[in-house]
Structure formats: structure tokens, C-alpha cells
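User: Please go through this model with me, one question at a time. I would like the cut-offs stated along the way.

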Amino acid sequence: MIPIQHKHLYIDGQWLAPVNGQHFTTLDPSDESLLAEVPAASAEDIDLAVQAARRAFDHGQWPRLSGSQRAVVLRRIAEGIRSHAEQLAELEVRDNGKPLPEAQWDIADAAGCFDYYAGLAEATDSAPRQTIALADERFSSWVEREPVGVVGAIIPWNFPLLMAAWKVAPALAAGCCIVLKPSELTSLSALQLAAIVHEAGVPAGVFNLVTGLGPDAGAPLAEHPLVDKLAFTGSVPTGRRIMQAASREIKNLSLELGGKSPFIVFADSDIAAAVEWIMFGIFWNQGQVCSATSRVLVQRELYPALLERLIAETGKLRIGSGLQEGVLLGPLVSRGQYDKVLAAIEAGRASGARLVHGGERPSDQPVGYYLTPAIFADVPTDSAIWREEIFGPVVCLRAFGGEEEALRLANDSEFGLAAAVMSADIERAERVARGLRAGIVWINCSQPTFTEAPWGGYKQSGIGRELGQWGFDSYREVKQMTRYDSEQPWGWYIK
């Protein structure tokens with residue numbers, strides 16, 4: 001395969017070479033071959049992009065258009081994604097490693113995200129203000145919502161185009177201008193998105209794309225004084241640095257960080273359904289999912305049978321290139337991530353947990369970042385693999401006795417992004433769900449995600465919510481407007 005050449009950043013409606021002329025390479029994780037050369041932006045490029053977004057917001061028409069006018073452009077972007085869906089899906093597979101069907105779902109969801117926020121933008125025209133009832137009838141008061149301003153958005157590598165859509169679509173719908181910085185591991189679909197945005201007629205400066213390494217491009221974006229809001233999805237350590245950067249100027253901030261999500265399975269659960277949801281909850285996208293239900297708590301009566309079935313079914317999963325038909329697990333995204341997951345597996349062995357399946361390179365895959373899914377049983381609750389996010393196909397199981405113990409073990413975490421509970425007793429399942437300290441709780445399932453529903457977590461899993469009306473409102477400021485209506489003087493100084 002001829003390596004892809006992407007030599008330019010997208011800034012102020014133009015394709016520009018990086019100021020320093022530098023590029024970096026990205027590899028195909030399925031065979032470790034050179035996939036692309038990508039522009040390596042520097043602080044100078046970030047400044048150009050932010051300045052362009054600032055001009056477009058302060059002096060351009062985009063923030064001043066009606067919601068319906070912006071919706072027309074967002075729907076053009078959705079249509080552009082759909083018209084290039086096959087190319088984009090294959091690009092995601094080659095760049096990220098995920099199986100093609102998963103990439104196809106992601107592309108369809110990304111297009112749907114732009115359509116959804118087009119609808120919310122239109123709805124603002126029919127309800128431009130919210131009236132407030134005041135006790136003092138001499139005054140009228142209402143709330144209007146305005147775009148927050150210039151957005152710096154930094155996205156991860158696990159769902160490249162979809163994570164871009166989660167931030168770009170609501171920001172544009174709200175009337176913001178944005179500078180998007182994708183992960184250096186998976187920049188290719190974001191570059192294609194920039195071309196689609198350009199063709200859709202988004203005005204110059206409203207959307208800008210800068211690719212580059214975190215210290216050279218991400219940090220200058222987070223620290224730029226002309227950025228009004230930072231929206232970040234990624235690791236907790238990077239989220240802390242972005243929060244520190246935002247604190248210097250009290251910037252508006254959204255953080256969607258890591259997780260170590262629990263899945264509670266009660267003994268009355270259907271074992272076949274439980275195993276399928278457990279597998280989907282941790283092996284989908286090779287476990288490289290922030291909400292992955294990687295801590296599985298199984299009621300003691302069901303534990304031996306469920307573990308046996310989980311091992312058997314996991315052994316049937318086909319591993320290989322995401323472009324091969326029938327593959328359910330592709331390679332991990334990079335050498336660095338591969339080594340990190342292998343180190344976590346070794347630490348799990350050392351902690352006393354029983355590795356009962358996988359955790360090594362498949363014998364038929366001599367190159368590429370492939371790993372057989374790992375199942376650990378009887379995992380100590382103080383071990384690193386139970387407490388720390390691994391971001392790979394590694395699941396940890398342990399037994400519990402009753403409901404109270406299950407909740408205590410599930411909530412004993414610094415994270416609180418997601419959780420799941422399974423039981424034939426719906427009243428119990430909902431009771432336990434209410435007791436789980438997480439922003440997303442699934443009942444009798446794991447991982448379904450909908451554009452209409454809020455996404456975000458408690459504790460160290462982040463601040464704020466994406467998706468739905470909540471994600472839209474995170475890109476809008478609330479302004480109180482109050483008018484004095486009485487014909488009588490206010491009379492503050494009249495005696």
C-alpha cells in the first residue's frame with residue numbers, strides 16, 4: 001500500500017503547510033507498515049488557528065446566523081460523511097485497527113451526530129428566550145443562550161471521527177468557532193473531516209484542524225489565552241494538565257476522562273446473555289473504550305459456571321486485520337499501547353490474580369499489535385489491574401455475596417464514568433443502578449450509546465456532559481436579561 005500523504009493543516013479556510021515544515025509518521029497497527037506522514041503543528045500553527053477562529057467568532061457571520069441557517073450546513077457535513085462512508089471506514093480501520101463493521105457503525109453515528117445537532121440548532125429559533133416569573137411586576141426578565149466563543153477541542157484515538165463529531169457538531173450548532181486537535185496516533189479521518197467541512201461551506205476560520213504531538217500542539221492550544229472553552233477526551237493525567245491550563249484564565253471546561261467501570265451480574269441472570277454483554281462490554285474496540293466494563297462482579301452461585309462459559313466463548317473470537325471478514329478483535333492501536341497492556345497483564349499475574357485465558361500474542365499473527373483477550377479470575381481488589389484503567393482487552397472477575405457487597409465493591413473506585421447491572425429482577429436492578437456512583441448506568445446490557453442521551457462521569461472520570469441537549473448547552477453561555485417596564489421613576493435617590 002502506498003503511504004498516504006497529508007501535508008497540510010486546515011486553518012482559516014485554507015490548507016497550509018506547518019510553519020516549521022515538520023511531519024510525523026503513523027503506522028498501520030495490523031502490520032506495522034508506514035501508513036501516513038502527517039503535519040506536525042507547533043505553537044505558531046496553533047496561534048494562527050486560534051487567531052482565525054477568534055476573528056471568525058468576533059467579526060464573522062457564523063455566530064450571528066439563525067439556528068436554521070447553521071443547520072443547513074451541518075446537514076451538508078452529515079451528507080458529506082455519508083457520501084464518503086466507505087473510504088472513511090477503511091481509513092479508520094487502517095489508522096486505528098478496529099474491525100470494519102465497528103468502523104462502519106462509527107461513521108454512521110458521526111453523520112447522525114451532525115444531523116441531530118442540526119435539529120437542536122433549528123429548535124433554538126422557535127424558543128430564543130426563556131421567560132422568568134418575577135415577584136416584582138415592574139420588571140420583565142428572561143434568559144437567552146449565546147455561543148461560548150472559541151473552542152479548543154482535543155480528541156483521543158479510540159473513536160477518531162466519532163469523537164470529533166461529538167465536539168464539532170454541537171459546537172458548530174451553537175454558533176461557536178473551533179480548533180480541533182486529533183490524536184497523533186489517528187489523525188487521518190479528522191483531515192478528511194476538514195475537507196468535508198470545507199466542501200459543506202463552513203465559513204473560513206469557523207472550523208480549523210491542527211495535527212501534531214501533544215506537547216507541541218495540544219499544550220499550546222490548551223494554554224492559548226484567546227480560547228474561551230476547552231473540550232478534552234482522554235486520560236486522567238492529561239486531563240489534569242488541561243484543567244491546570246484552563247484554571248489560569250478560568251476557562252470554560254469539559255473533561256471526559258478514564259474509567260474502570262463495574263458490571264454486576266446477579267445469580268438470576270440469563271448466563272448466555274450475561275456472557276455476551278460482558279464480552280461486548282470489554283472486547284469491543286479491543287477494550288480501548290473509556291467506559292469499558294472491565295471489572296465484572298458475579299454473584300457467587302453463578303460465578304463458576306459463568307467463568308467457564310466466558311472462557312469458552314472468548315476462545316471463539318477471531319483475531320486479525322480489521323479488514324478481514326469475520327474478525328471481531330483487531331490489533332491495538334500502537335506499539336506503546338500494546339506494551340502498556342502487556343505490562344498490565346504481567347502486573348496482574350504478580351498480584352495473585354489468576355490468568356485463566358489469553359494475554360499473549362496469537363501464534364498466527366507474528367507482526368502487528370495483536371493480543372488474545374485476557375481473562376483474570378479472583379482478582380484482588382487492591383491490585384493495579386482491578387483499580388487502574390488498562391485500555392485493552394483485559395477483563396477482571398471476582399465473586400460477591402449479596403447486593404450490599406456488590407455495590408460496595410463497584411463503587412470502590414476513583415472513577416465513575418459508567419457501570420452495568422444485570423438481573424431478572426428489574427426492581428432490584430434499578431435499585432442497584434440508583435446506588436451506583438457513575439454518570440452512565442446500563443441495566444441488562446453494556447455499552448449502548450445514543451446521541452440523544454448525556455455522556456459523562458462522576459469523580460475522576462470528568463467534568464460536564466457530552467451528547468444530547470446537555471452537550472449542546474455546554475457550548476452555550478446563559479445570559480440573564482432584565483428590563484424595567486414601569487412608567488414610574490425608580491426613585492432610589494428621590495426623597
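**Helix packing, strands and salt bridges**

Analyst: Contact means heavy atoms within 4.5 Å, and buried means under 20% relative accessible area, with exposed over 50% and partly exposed in between (1.4 Å probe, protein chains only). Helices (H or I, at least four residues) and strands (E, at least two) are DSSP runs, numbered from the N terminus. This is a predicted model in which local features need pLDDT of at least 70 and side-chain atom pairs count only at pLDDT 80 or more, while totals for chains, interfaces and linings use all residues. Residues are numbered from 1 along each chain as its sequence is written, and side-chain values use heavy atoms, with hydrogens and water left out.

User: What distance separates the end C-alpha atoms of helix α2?

Analyst: The expected span of a helix is 1.5 Å times one less than its number of residues. Helix α2 (residues 67-83) has 17 residues, so it should span 24 Å. The distance between its end C-alpha atoms agrees with this, at 24 Å.

User: Which residue forms a salt bridge with Arg 82?

Analyst: A salt bridge is a side-chain nitrogen of Lys or Arg within 4 Å of a carboxyl oxygen of Asp or Glu. For Arg 82 the closest N and O atoms are 2.6 Å apart, and the partner is Asp 115. The pair links distant parts of the chain, 33 residues apart, with Arg 82 in helix α2 and Asp 115 in helix α4.

User: Which residues does Val 168 contact, leaving aside its neighbours within four places in sequence?

Analyst: Val 168 sits in helix α5 and counts as buried, at 0% relative accessibility. Its C-alpha atom is separated by 9.5 Å from that of Cys 113, 55 residues away along the chain. With the neighbours within four places set aside, the contacts of Val 168 are Phe 114, Ile 178, Leu 180 and Phe 207.

User: How many Å apart in space are Gly 119 and Ala 173, C-alpha to C-alpha?

Analyst: Gly 119 belongs to helix α4 and is partly exposed, with a relative accessible area of 27%. Ala 173 is 54 residues from Gly 119 in sequence, and the C-alpha to C-alpha distance is 8.9 Å.

User: Which way do the side chains of strand β13 point, and are they buried or exposed?

Analyst: In a regular strand the side chains alternate between the two faces of the sheet. In β13 (residues 262-265), Pro 262 and Ile 264 point one way and Phe 263 and Val 265 the other way, and all are buried.

User: Which residues stand opposite Phe 263 in β14 and in β19?

Analyst: Two strands pair if DSSP finds at least two bridges between them. Four bridges join β13 to β14 (residues 295-299), and the two run parallel; three bridges join β13 to β19 (residues 418-422), also parallel. The bridge partner of Phe 263 in β14 is Val 296, and in β19 the residue opposite Phe 263 is Ala 420.

User: Which backbone oxygen lies 2.8 Å from a polar atom of the side chain of Ser 383?

Analyst: Ser 383 is in the loop between β16 (374-377) and α12 (384-387). Its relative accessibility is 4%, so Ser 383 counts as buried. The backbone oxygen at 2.8 Å from its side-chain polar atom belongs to Pro 380.

User: Which residue meets Asp 378 in a salt bridge?

Analyst: Asp 378 is partly exposed at 35% relative accessibility. The N to O distance in its salt bridge is 2.9 Å, and the partner is Arg 354.

User: Which residue meets Asp 412 in a salt bridge?

Analyst: Asp 412 is partly exposed at 39% relative accessibility. The N to O distance in this pair is 3.1 Å, and the partner is Arg 387.

User: How many salt bridges are there by this rule?

Analyst: Side chains of opposite charge can pair when their charged atoms come close. With the rule stated above, the number of salt bridges is 22.

Methods
Polar contact = N/O pair within 3.5 Å; in protein donor to acceptor, adjacent residues only side chain to side chain.
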